Amino acid sequence: MKKINTAIIGIGNIGYLLSFDKKRSKKTWSHFSAYNKIKEAKLVAVLDSDRKKIYRFKKKNKKINCYTSLTKMIKENDIDLVSICTPAQFHFKNIIELLKL
């Protein structure tokens with residue numbers, strides 16, 4: 001069975017960082033950790049406007065493509081599902097951008 005190729009927009013807390021919060025239990029706290037636990041899913045790309053977050057992510061996850069451009073991420077990857085993990089006020093903008101691509 002073909003895996004579902006996934007991407008995350010926003011690799012802050014809910015997108016990625018909560019996976020490493022030592023104050024939290026071992027449960028799934030981020031979209032990153034959720035995709036890693038689902039055998040039918042493959043995380044192929046992440047996007048963030050903060051280059052420092054991209055750099056830190058890339059150091060630990062060399063096989064996952066990292067972007068600061070949504071258009072480039074979508075054009076360069078075969079993505080089936082996108083998690084929007086940006087602050088709530090940007091969700092609508094992210095959805096509209098995705099629909100236009």
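**Strand pairing, crossovers and pockets**

I8 has S83 as its bridge partner in β4; here strands (DSSP E runs of at least two residues) and helices (DSSP H or I runs of at least four residues) are numbered from the N terminus. The structure is a predicted model, in which local features need pLDDT of at least 70 and side-chain atom pairs count only at pLDDT 80 or more, whereas totals for chains, interfaces and linings use all residues. Residues are numbered from 1 along each chain as its sequence is written, and side-chain values use heavy atoms, with hydrogens and water left out.

Strand β1 (residues 4–9) and strand β2 (residues 41–47) run parallel and are joined by six bridges, and T6 faces L43 of β2.

V46 has C66 as its bridge partner in β3. Helix α2 (residues 51–60) lies between these two strands in the chain path, and β2, α2 and β3 form a right-handed β-α-β unit.

Five of the six residues of β1 are buried, that is, under 20% relative accessible area, with exposed meaning over 50% and partly exposed in between (1.4 Å probe, protein chains only). In β2, six of the seven residues are buried. V44 lies in strand β2 and counts as buried because its relative accessible area is 11%. The C-alpha atoms of V44 and I8 are 8.8 Å apart, although 36 residues separate the two along the chain. K2, by contrast, is found in the segment before β1 and counts as exposed because its relative accessibility is 51%. K2 and E40 are 38 residues apart in sequence, with a C-alpha to C-alpha distance of 7.6 Å.

The cysteines may be considered next. The count of disulfides, taken as pairs of cysteine sulfur atoms within 2.5 Å, is zero. C66 is in no disulfide, and the nearest cysteine sulfur, that of C85, is 14 Å away. The sulfur of C85 likewise has C66 as its closest cysteine sulfur, at 14 Å, and is therefore too far away for a bond. C85 is buried because its relative accessibility is 9%.

Rolling a probe the size of a water molecule over the atoms shows where empty space is left. On a 1 Å grid over the protein atoms alone, a pocket is an open set of points with protein on both sides within 12 Å along at least five of seven lines, whereas a cavity is a set where a 1.4 Å probe fits but cannot get out; lining residues have an atom within 4 Å of a point. The largest pocket has a volume of about 370 Å³, a volume being the space filled by probe spheres set on grid points joined across faces, edges and corners. This pocket is lined by 19 residues, of which I9, D48, S49, T86 and N94 are the closest to its centre. Helix α4 (residues 91–100) gives the most to this lining, with three residues. By class, the lining of the largest pocket comprises eight nonpolar, seven polar and four charged residues, where Ala, Val, Leu, Ile, Met, Phe, Trp, Tyr, Cys and Pro count as nonpolar, Asp, Glu, Lys and Arg as charged, and the others, Gly among them, as polar.

The second largest pocket has a volume of about 180 Å³. Among the residues that line it are F20, W29, R24 and K37. The lining of this second pocket divides into three nonpolar, three polar and six charged residues.

Technical notes
Two strands pair if DSSP finds at least two bridges between them. A crossover is right-handed if, with the strands pointing away from the viewer, the path from the first strand over the helix to the second runs clockwise.
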